[in-house]
Amino acid sequence: MAAYKERKSVAGVFAVRCASGGAVWVGGAPDLDKIQNRLWFQMKLGGCPHRSLQAAWNVHGAESLSFEIVERLEDERLAFARAAALKARVAHWVAVLGAEGI
């Protein structure tokens, strides 16, 4: 328990790809280790706040979606600086991948 509580979270940018539909979604997370589980849980329950991602899950199923880490951010001590850097990097990857931001 103690080791889990003391582990450092790694912020970064991730992408969710739909092999069947060809769509890509890009988002940022303050903890990359947890974001996929959260998204998959939300979609499984039908409560994902990102409508197009939920629609892809509903139409194509979980097996057609894949998760990948696109970029890890350097450890930033100040929360506002990390949030700003994360927002900028998500915008960059949305443009590069022609993705929808989530």
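User: What makes the crossing of α2 and α3 right-handed?

Analyst: A crossing is right-handed if the near helix is turned clockwise from the far one by less than a right angle, and left-handed if anticlockwise; α2 passes α3 in the right-handed sense. This is a predicted model, in which local features need pLDDT of at least 70, side-chain atom pairs count only at pLDDT 80 or more, and totals for chains, interfaces and linings use all residues. Residues are numbered from 1 along each chain as its sequence is written, and side-chain values use heavy atoms, leaving out hydrogens and water.

User: Why are α2 and α3 called roughly perpendicular?

Analyst: The axes of α2 (residues 32-44) and α3 (residues 51-60) come within 10 Å and cross at roughly 65°. Angles of 65 to 115 degrees count as roughly perpendicular (under 35 roughly parallel, over 145 roughly antiparallel, the rest oblique), and α2 and α3 therefore get that name.

User: Which residues meet where α2 contacts α3?

Analyst: With contact meaning heavy atoms within 4.5 Å, L39, W40, Q42, M43 and K44 in α2 meet L53, Q54 and W57 in α3. By class, this contact has 5 nonpolar, 2 polar and 1 charged residues.

User: What makes the pair of F14 and F67 stacked?

Analyst: Rings of Phe, Tyr and Trp (its six-membered ring) pair if their centres lie within 6.5 Å, and planes under 30 degrees apart count as stacked, over 60 as edge-to-face and the rest as tilted. The centres of F14 and F67 are 5.4 Å apart and their planes stand at 25°, so the pair is stacked. It links distant parts of the chain, with F14 in strand β1 (residues 12-18) and F67 in strand β3 (residues 65-72), 53 residues apart.

User: And what kind of aromatic pair do W40 and F67 form?

Analyst: That one is edge-to-face, with 6.4 Å centre to centre and 85° between the planes. Here W40 in helix α2 is linked to F67 in strand β3, 27 residues apart. By the ring rule the count comes to 3 aromatic pairs, and F14, W40, W57 and F67 form one aromatic cluster.

User: How do you know that W40 is buried?

Analyst: Buried means under 20% relative accessible area (exposed is over 50%, partly exposed in between, with a 1.4 Å probe and protein chains only). W40 has 17%, so W40 is buried. F14 and F67 are buried too, and of the 102 residues of the chain, 32% count as buried.

Key: Axes fitted to C-alpha atoms, helices over the stretch in contact; angles between N-to-C directions. Helix = DSSP H or I, 4+ residues; strand = E, 2+ residues; numbered from the N terminus. Nonpolar A, V, L, I, M, F, W, Y, C, P; charged D, E, K, R; others polar.
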